[in-house]
Amino acid sequence: MNRENKRKSFEKGYYKRHACREIFTCKLCGREVMPQAVGGAHRNHCPNCLTSLHVDLTPGDREADCGGYMDAVAVWVRKNGEWAIIHRCRMCGAFSSNRIAADDNPVKLMSIALKPLAMPPFPVERIEEMTRLMGGDGVLQ
Ligand SMILES: [Zn+2]
Ligand SMILES: [Zn+2]
């Protein structure tokens, strides 16, 4: 990295205005992560294990000094149908929402999305009974 590049990458807000073009190795799963081929959006999580690092307060600003691992704990769907990942920091518990990338691991994404359905907080076999209790219309009688 020459001096000009070095100065640029530490400039405040640099990653907000520039797509990240660095190749990095994921500290968690060891996968070598290439810059995103399409879209040009800033990649902030590993496409293989979906783990992120707590370095931003708002996406791309590099203002957070926590540096903890952020686990992908949930997915949600935006109004336009686009999926986003909810990351939660292991160190400080902060949550953040991040756009998924085209090459994010689809199996991992699906398993996160299905987790609450696979582990419901009540016995699945009682859903019918509970629905009957509610008169079948979702209202408790
Ligand atoms: Zn990884
Ligand atoms: Zn944190």
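**View 1. Spacing and geometry of the donors around the zinc ion (ligand 1).** Along the chain, the residues that donate to the zinc ion (ligand 1) follow the spacing C-x2-C-x16-C-x2-C. In this predicted model, the residues behind that pattern are Cys26, Cys29, Cys46 and Cys49, each of which coordinates the zinc ion (ligand 1) through its SG atom at 2.3 Å. The angles among the four donor atoms run from 105 to 113 degrees, and the site of the zinc ion (ligand 1) is tetrahedral. As background for reading these angles, the ideal value for four tetrahedral donors at a metal is 109.5 degrees.

View 2. Cys29, by contrast, is partly exposed, with a relative accessible area of 34%.

**View 3. The donors of the zinc ion (ligand 2).** Here the protein donors are His54, through its ND1 atom, together with Cys66, Cys89 and Cys92, through their SG atoms, and they lie 1.9 to 2.4 Å from the zinc ion (ligand 2). The four donor atoms subtend angles of 104 to 120 degrees around the zinc ion (ligand 2), and the arrangement is tetrahedral because four donors count as such if all angles lie between 85 and 135 degrees. In sequence, these donor residues are spaced H-x11-C-x22-C-x2-C. Both His54 and Cys66 lie in the loop between strand S3 (52-53) and strand S4 (69-77), so the pair ties together parts that are 12 residues apart in sequence.

View 4. His54 counts as buried, since its relative accessibility is 9%, whereas Cys66 is partly exposed, with a relative accessible area of 24%. Cys92 also counts as partly exposed, at 47% relative accessibility.

View 5. Leu50, found in the loop between strand S2 (32-33) and S3, has a positive phi of about 70 degrees although it is not a glycine. The relative accessible area of Leu50 is 0%, and this residue is therefore buried. Arg62, which lies in the loop between S3 and S4, likewise has a positive phi, of about 55 degrees, without being a glycine. Arg62 counts as partly exposed, at 35% relative accessibility.

Technical notes:
Residues numbered from 1 in each chain as written. Chains lettered and ligands numbered in written order. Predicted model: local features only at pLDDT ≥ 70, side-chain atom pairs only at ≥ 80, totals over all residues. Heavy atoms only, no water. Donors = N, O, S within 2.8 Å, 3.2 Å for Na, K, Ca; no water. Tetrahedral: all angles 85-135°; square planar, octahedral: opposite > 155°, others 65-115°. Helix = DSSP H or I, 4+ residues; strand = E, 2+ residues; numbered from the N terminus. Buried < 20%, exposed > 50% of the residue type's maximum accessible area, 1.4 Å probe, protein only.
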